[in-house]
Structure formats: C-alpha cells, structure tokens
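Here's a quick tour of the model, a stop at a time. Have a look at the structure first, then read on.

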Amino acid sequence: MSKKGKSRLRLTGWSMVIVASAFVLFFSYVPMIQAFFLSLKTGKGANLEFSGLANYVRMFQDKVFWTTLGNTLLYALIQIPVMIFLALLIAVLLNDPKLRLRGIYRTCIFLPCVTSLVSYSILFKNLFAVDGLVNQLLLKLGLIDTAIPFVLTDGWAKAVVVIALLWRHTGYFMIFFLSALQNIDQSVFEAAKLDGSNFFQTFFRITMPMLRPIVFLTSVMALNNTLQLFDEVVNLTNGGPGNATRTISQYIYDLSFTYVPSYGYAAAVSYVVLILIVIITVVQKKVMREK
Amino acid sequence: MKIVRTVCKNLFLILVSFISVFPFYWMIVGMTNESKDITMGKLTFGNAFLTNVTNAFEKADLWRAFFNSAQLAIVITFFSLLICSVAGYAFVVFPSRGKEILFMVLVASMMVPFATKLIPMFRMFSNMKLLNTFWAIILPAIGAPFLIFFFRQNTESFPKETIEAARVDGCSEYQIFARIYAPMMKSTYAAAGIFAFMASWNNYMWPLIALQSNSKFTLPLAVSTLAADFNPDYGMIMVGIVMSTIPTVIVFFCLQKAFVEGMVGSVK
C-alpha cells in the first residue's frame, strides 16, 4: 500500500474512535477531576472556599460516614459469599445433563435479573411490610406470635436488604458459573463418581477449585456493585430506621441533595469509594495475571 | 438412594424457582387488587384492575413516564450502539500504539463510581442549562466504555480477509463497516443492544437528580415517587411495576440467548 493510502487509513481509524472516546472522556474524567478539586473545598451550597484536606479530616470524626461505610461493607460481607455459594450450588445441579426440566429451572431462576431495580425493591418493601405477606405467612405457620416490623427494626431491615439482593442477583451469577461448568470436561465428574466421591465431596474438592478463577472474578464484580449500592436501599428502606441501612452512595447523595448541600464534603466521601474500587480492581488484575 | 437424591435435588430447584418466580405472580395479582388488600397479602385475583389502571394513567400519568423511559432507552441504545461499535471496530482494524493507550484509558473509566461524578455532572448540566431535559440523560449515556470494550472483544474474531477483499473491490472504510461488518455482527449487536437498553431502562440515580418535573419523569422515578407517598396506593404502584417489568421480560423471552450473552459478556 502507498504511503498516502496508509496515512489516510490511519486518519479513518482515528475518526472512527474519536466520537465515542470524546463522550467517554468528557463525561467520566472531566467530572472525576472536578470532583477531586471540589473535595478540597468547604462551604454550603455554591459558596465554596479552598480548605485543603479539611473534608478528609472531617470524615474521620463523622459517625454517619463510618456507619454508612460499615453498612455497605457488611452487605458485601454477608450477601456476596451467600450468593456465590447458592449460585454455584444451583449451577452444579443444573449442569447435570440427566436432569429433567433443567431449561425451565434455569429460566425461572434467571428471571429476577430482568426486573428493574426500583420495582423489585418496592415489591420487597411490600412483601416485608408489617401486615405484609411474609408476616402473614409466618403467623399462619405459627413461627411467630406477633408481626415483625421488618423494615423498621435495625437488624431486620439490613436482613431484608440482603434477602432482596440475593433474590435479584443469584440467578445472574448462576449463569456465569453454568457457562464455566459447561467448559469443564464431564469425564472429570464421572471419574470422581467412580472413585466413590459423593455430591458434597465432589462439590468442595473438584468443582470449587476448578471454578476458582471465575468465582474470584465474579466476587470482585459483586463487590464493586455493592460498594455502589443505591437504588435498592433508597426504595426499600430509604436508609432507615435512622441510618441502619444507609449505604455510602446514598450518604453521598444525601450530602449533596437531601441535607443542606455540602458538595465539597460529598465529593471527598465519593473519593473514598473511588479509591476502594481502584484498589479492588488493581488487586484483581494482579491476581488474575499471576494465574 | 439414587431416587432420594434426585427427589431432593428437584425439590430444592423447585423451591428456588418458586421463590424466583413468585414476586412476578405477586405483582400481577397486585395489579387487580385494592391497595388495602395488597398490603394485607391477598394472593388471589381481585376486581380492581380497571380502577388501578385508570388511576395509574389519570392520577400518576404513568403512561407518560412509560413513554419517556421508552423514548430515552431507544435513543440511547441506538446512538450508543452506533458510536461504540464504530470505535470498537476501529480499535481492532486500525491498531496503533496511541489507540492502545486510549483504549486502556477508556476501559479504566469504568472504575469511576457514579457517585463521584454526581455533583460535577449536576453543575455541568446546570451551567449548560440542560437540567430537566432529556439531553442530560442522553449525552452522558451514549459513550459507554463497556460497549466499546464488548465490540472490540467481538471484533477480534472477525475475519480480516473479508475486509481486505472489500478494500480490493473499492469499498471505502465506512462502507466496509456499514455494509459488511455490521450485518455480519448481528448477534453482537443484539447482545450489546440489550445491555444498553437495560442500563437505560433501569437508570435511577442520575435521572433522579437531573429530571425535576413530573412530566419528564421516567418510569423508575414515577414508581418510586408513588411508593414514597405518605399514603401510597399500591394498586397503582403495582401497575407501574408491571409496566416497568413487561418490556424487559418480553425482550428476555424473545432474545434469550442474546440477553444472557449481553449480561454475561461483561466478564469474558
């Protein structure tokens, strides 16, 4: 190809990437950099003054910050392992070629992922209301004597958030594991069976270790999602009772738009989330490379 | 022994399937019941369906919210697919050092949580006088780093000879993209389209801030506002929930394979 033709090709190439890149750069890096400068300023509303690291210092004494960060990490700590275990278990059961109706089971279990985040949160709020369906069921079964105010009690409210998250996301993660399992040679499982290994032995000694990379990857993904949890808590409990279920993302939102706006401080808190996500991602990349 | 095991497995799967599907039944039943009956956990169909639907359309104007959501989702899906697929294609077909770096920068932007961009974006759109317009929702959504990544990934396996042959035939680079590449990549477009549509249809945090008047509300905003009422009418809310669920359920059943691919594709 001639030199002229080559340079024209190069230009065409750049012209093709430039539009999308400009949009991404303008709407992610520009606000991100602005947020950093904002985080160095204090003041109410639009009256902002440079104040160095004051916002970051304030964070250390801010109880609500620690509560919301703690809640967010608690969700991650409880929900992710339970979800991964359930998703793995279901995937293993569905991977049995002799199982009848596996297509139907798979579709049913995947279905919750198509619901809108706001909608399913409101459904769950409804199901767990004081006179809601769950309470009625528990009363009828004689498991409790008086209705539990789920969404109004500290511990229960957290549990309801976790249950809702499990319902919505388990099927999604199950699909990842199922597609990973389908790449494993069935003869491995046959051999284990011949060696007299039972279901749980096979599950913990063969399946789990073989799926370790995908389990790791999906856990990181889930962790990133949980760190940004917002829609569900807003619509399910609105952060209450008190701050018992409030997440860090919701706190950032509240600091900017619900309370007297303190943009600078909100930006500083948001940088903590950003840094956490960057750390998690870097660790993930490192670990994956070692494999 | 073997039968016991099969029965246990199936019982467990039936239980999980039941729990997964039950809320769908619940929302459909809810749509036909009065608010009072819904909170009491009534599980059978009632006869308030027409009242609920009429209320939803007259009092809450859910129809407009549905239309707003649909309009935004379609526009965003179309334009993001267009510009991101061109970019993903070019990253593979015209590789260069500079583009490699640019691509890494683009992918890294996926790490930036939305909460960090929230306030600067609010101020940016407020300065541009674009708050409370659909531009505020469309503009930040059409450059999607994940879609660029997804198209680049899928273009790797596209036969280079096809492109060479088309060049020899005298096609321009944009013609090759539009007439040869795009039609051959239908399944990638379907998966990416579903991803873009779902993201837009579910978008909540940013519209919550950027859209302020009821006439601009998207479905999640409208439903969420109804539910936050002091005395919420659950019959009406259930209509809204069903309206927000039906399109995605239909898309899921029609394009199941592309759907799963679009959602799982993020990890491959």
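This is a predicted model: local features need pLDDT of at least 70, side-chain atom pairs count only at pLDDT 80 or more; totals for chains, interfaces and linings use all residues.

## Starting at Arg58(A)

Let's begin with Arg58(A), which sits in helix α2 (residues 54-61) of chain A. Helices here are DSSP runs of H or I with at least four residues, strands are runs of E with at least two, and both are numbered from the N terminus. Arg58(A) counts as partly exposed because it has 17 C-beta neighbours inside 10 Å; buried takes 20 or more other C-beta atoms within 10 Å of a residue's own, exposed takes 12 or fewer, partly exposed is in between, and C-beta atoms are placed from the backbone. Arg58(A) and Tyr265(A) are 207 residues apart in sequence, yet their C-alpha atoms are 8.2 Å apart in space.

Residues are numbered from 1 along each chain as its sequence is written, and chains are lettered from A and ligands numbered from 1 in the order in which they are written.

Chain A has a mean pLDDT (the predictor's confidence in each residue, from 0 to 100) of 87, with 98% of its residues at 70 or more.

## Chain B on its own

Chain B has 15 helices and 0 strands, and its C-alpha trace spans about 70 × 70 × 35 Å along the principal axes. Of its 268 residues, 46% are buried.

Helix α8 (residues 145-155) of chain B has 8 of its 11 residues buried, so it is largely enclosed by the rest of the structure. Among the buried ones are Ile148(B), Phe149(B), Phe150(B) and Phe151(B), along with Arg152(B) and Asn154(B).

## Where the chains meet

The contact between the chains takes 70 residues from chain A and 68 from chain B, a contact being two residues with C-beta atoms, placed from the backbone, within 7 Å. On the chain B side, helix α1 (residues 2-31) gives the most, with 11 residues. By class, that side has 51 nonpolar, 13 polar and 4 charged residues; Ala, Val, Leu, Ile, Met, Phe, Trp, Tyr, Cys and Pro count as nonpolar, Asp, Glu, Lys and Arg as charged, and the others, Gly among them, as polar.

Leaving out residues up to four places away in sequence, Ala87(B) touches Met16(A), Val17(A), Ala20(A), Ser21(A) and Ile148(B).
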